[in-house]
Amino acid sequence: MAKTARVARPTYRCAECGHEVAKWVGRCPECQAWGTVEERGVSRAARVVAGAPSAPARPIGEVDVESARAQRTGVDELDRVLGGGLVPGAVVLLAGEPGVGKSTLLLEVAYQWAAKGGRPSLYITGEESAGQVRLRAERTGNIHGAMYLAAESDLGAVLGQIEAVDPGVLIVDSVQTMSSPEVDGVPGGVTQVRSVTATLVAVAKERSLPIVLVGHVTKDGSVAGPRVLEHLVDVVLQFEGDRHSSLRLVRGIKNRFGAADEVGCFELRDDGIVGVPDPSGLFLNRREQDVTGTAVTVVVEGKRPLLGEVQALVTPTNLPSPRRAVSGLDSARVAMALAVLEKRGRMAMHNKDVFTATVGGMRLTEPAVDLAVALAVASAATDTPLPHDLVVVGEVGLSGELRRVNGVGRRLTEAARLGYTKALVPPDAGPLPGETRALVAHDLLEALHLLKLRK
């Protein structure tokens, strides 16, 4: 009997997550993205033969690390997030909303790099003309003879600029505007963005050239483009900020060379952007008298403790569904805090509108903020102020118990430095600063009685 020849079938792969399927589908079954499944050609079982290695393997202790030491950019807050500076050959993706100040920050990086001497910096702009970038550099005072600027959107031209200038750092603004004529697809598309990024990563490793890529974000604030874009680069940074506030935060999402949870603080001004090494005072309204509906807490961003203020307003309502407005806080955790306050704290919230917010545009999502939210709402509901020199730290469980959080001593040391002498903490909080008077509560109801928020 004659054997039937086995026909090779094409395979299909998702451009977002790389998941392979046997046939084309409109929606990826792995990441649920629409329109990202593409044909990858015929799948063939290939036999790979051993070849000559590019370099012999050595014991790890004999590998030279000096060439991989981080080099400082001159922008201290950015160096904090990067883990000390830019590593040669590293590719950094900086994402943020339009107008948040990404280009202004990277112009400062290019200027500081050029000012310290050595190899020049190269800034490639694909969204603006060279003249527009020059005007911004004049306004912010970031002009140096070793700063090179080019307006290019073709990947081949960018590689030619790298050969001509031989920079010490390359900034590409933005990766979504770059395109390669050898790759199908429109600029900014999944195929183009992936191909351009892969080429720039290869150039960075080959030349030991640190590259900073500017990326767009989607409506929900995540990095735009295929998910593999974040896997290709070494560092992913998120640039955050409120349009109505001058405060800007650079938050590390991924970092192969340091901590991935560090935060750098900046202030955006008319004449440029400057780092804020001590930002705690920006998130507080310091008052000498007690005010109802406010509670001060301490959160930890990376290794940095920051003081934040939670404000609440509680008003009676005749509506069947009372309003719950949240700004700067996790709405799900606020809803849970209100439910625990009503059930375990025995305070009626079902017939009241509750508005909660933070001060200074700070976003507080850590569980350690739960107690501050509950006490701020209780203070507003009873019209009883909390002491102005009190900070509260703790997580509130659904049964009303107060849970310990990490780094209480470090948090209260920062609060004591700013003049807060009292602290309401859960039991077993660990050693506290000697100048801080500790108030300990086991559950929310006990905390309300301790602060006289319940009669």
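Begin by selecting Leu-341, Leu-375 and Leu-424, which have the most contacts inside the largest nonpolar core, a set of 42 residues; a nonpolar core here is a set of buried Ala, Val, Leu, Ile, Met, Phe, Trp, Tyr and Cys residues joined through side-chain atoms within 4.5 Å, and buried means under 20% relative accessible area, exposed over 50% and partly exposed in between, with a 1.4 Å probe and protein chains only. Strand S13 (294-301), strand S14 (304-316), helix H7 (331-343), helix H8 (370-382), strand S17 (390-392) and helix H10 (444-450) are the elements that give two or more residues to this core, and H8 gives the most, with 9 residues. Helices (H or I, at least four residues) and strands (E, at least two) are DSSP runs numbered from the N terminus.

The model is predicted, and local features need pLDDT of at least 70, side-chain atom pairs count only at pLDDT 80 or more, while totals for chains, interfaces and linings use all residues. Residues are numbered from 1 along each chain as its sequence is written, and side-chain values use heavy atoms, with hydrogens and water left out.

Stay with Leu-375 and show its surroundings: not counting residues up to four places away in sequence, Leu-375 touches Leu-386, Val-392, Leu-424, Leu-444, Leu-448, Leu-451 and Leu-453, where contact means heavy atoms within 4.5 Å. A second, separate core of 30 residues can be selected next, and Val-100, Val-235, Leu-237 and Phe-239 are among its members.

Now select the open sheet of 9 strands, whose order is S6-S5-S7-S8-S4-S9-S10-S11-S12, with mixed pairing; two strands pair if DSSP finds at least two bridges between them. Its edge strands, S6 (147-151) and S12 (272-275), each pair on one side only, and the twist averages 25 degrees from one strand to the next. Within this sheet, S5 (residues 121-125) and S7 (residues 169-173) pair in the parallel sense over 5 bridges, and the bridge partner of Thr-125 in S7 is Asp-173.

Move on to strand S16 (residues 352-358), which is mostly covered, as 5 of its 7 residues are buried. S14 and S16 run antiparallel and are joined by 7 bridges, whereas strand S15 (residues 324-327) and S16 run parallel and are joined by 4 bridges. Centre the view on Phe-355 in S16, which has Leu-313 opposite it and also stands opposite Ala-325.

For a loop position, select Thr-36, which lies between strand S2 (20-21) and S3. Is Thr-36 buried or exposed? Thr-36 is buried, with a relative accessible area of 7%, and, leaving aside neighbours within four places in sequence, is in contact with Arg-13, Cys-14, Ala-15, Glu-16 and Cys-28.

Finally, colour the model by pLDDT, the predictor's confidence in each residue, from 0 to 100. The protein averages 88, and 94% of the residues score at least 70; confidence is lowest in strand S3 (residues 37-42), at a mean of 72, and highest in S5, at 97.

Note on methods: Axes fitted to C-alpha atoms, helices over the stretch in contact; angles between N-to-C directions.
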